[in-house]
Amino acid sequence: ARQRGYPTPKVLRRPVDLWWLYNFVTQMGGWHTVRRNRWTILIREDLGFYDSLEGSNAAQQLKIIYEKFLLEFEAAHFHGKRYDGEEALKIFRPIDPSALPARPATAK
């Protein structure tokens, strides 16, 4: 998140590791499976939010974070959704060729 200029996402002032969150959710079948089965409680408890009021606030914040930062990534990489044209440009930034490492010369 930080690389794109976003601040580190936080749940009740605690930073959330997006890589951990993505892996935790996809191991349970993906975000829609987690929401349908009300398994967000497992995520918030793994993060240490046990109190019911604190936990419900944490669950809502996790939902916002996941849907803002990770849901489209999950759709593309976990479910294999394909994006075309303008839809792809909204989600994925074009790669700047100057940012890519130089390719080694091949011997002839």
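What share of the 108 residues of the chain count as buried?

**View 1. The whole chain, a predicted model.** To settle that opening question, 30% of the 108 residues count as buried. You'll find 5 helices and 2 strands here, and reading along the sequence gives the pattern β-β-α-α-α-α-α. The chain exposes about 8,300 Å², with carbon and sulfur atoms supplying 53% of that area. Take the contacts between residues at least 6 apart in sequence: 53% of them join residues at least 24 apart.

**View 2. Inside the largest nonpolar core.** This core has 18 residues, and the ones that touch the most other members are Val-11, Leu-21, Val-25, Trp-31, Ile-43 and Tyr-66. Two or more residues come from each of α1 (18-27), α2 and α4 (52-77).

**View 3. Zooming in on Val-11 and its contacts.** Who does Val-11 touch, once you skip its neighbours within four places in sequence? The list runs Val-16, Phe-49, Ala-58, Gln-61, Leu-62 and Ile-65. Remember that Val-11 is also one of the core residues touching the most other members.

**View 4. A nonpolar patch on the surface.** Now for the outside. Trp-39, Ile-41 and Leu-42 make up this patch, and together they have about 230 Å² of accessible area. Look for Trp-39 in the loop between α2 (31-36) and α3 (40-46). Trp-39 counts as partly exposed because its relative accessible area is 31%, a value that lies between the 20% and 50% cut-offs.

Note on methods. Residues numbered from 1 in each chain as written. Predicted model: local features only at pLDDT ≥ 70, side-chain atom pairs only at ≥ 80, totals over all residues. Heavy atoms only, no water. Patch = residues over 30% accessible without salt bridge, like charges linked within 9 Å, V, L, I, M, F, W, Y side chains within 5 Å. Areas by Shrake-Rupley, 256 points an atom, 1.4 Å probe, with all protein chains shown as cover. Salt bridge = Lys/Arg side-chain N within 4 Å of Asp/Glu carboxyl O. Helix = DSSP H or I, 4+ residues; strand = E, 2+ residues; numbered from the N terminus. Buried < 20%, exposed > 50% of the residue type's maximum accessible area, 1.4 Å probe, protein only. Contact = heavy atoms within 4.5 Å. Core = buried A, V, L, I, M, F, W, Y, C linked by side-chain atoms within 4.5 Å.
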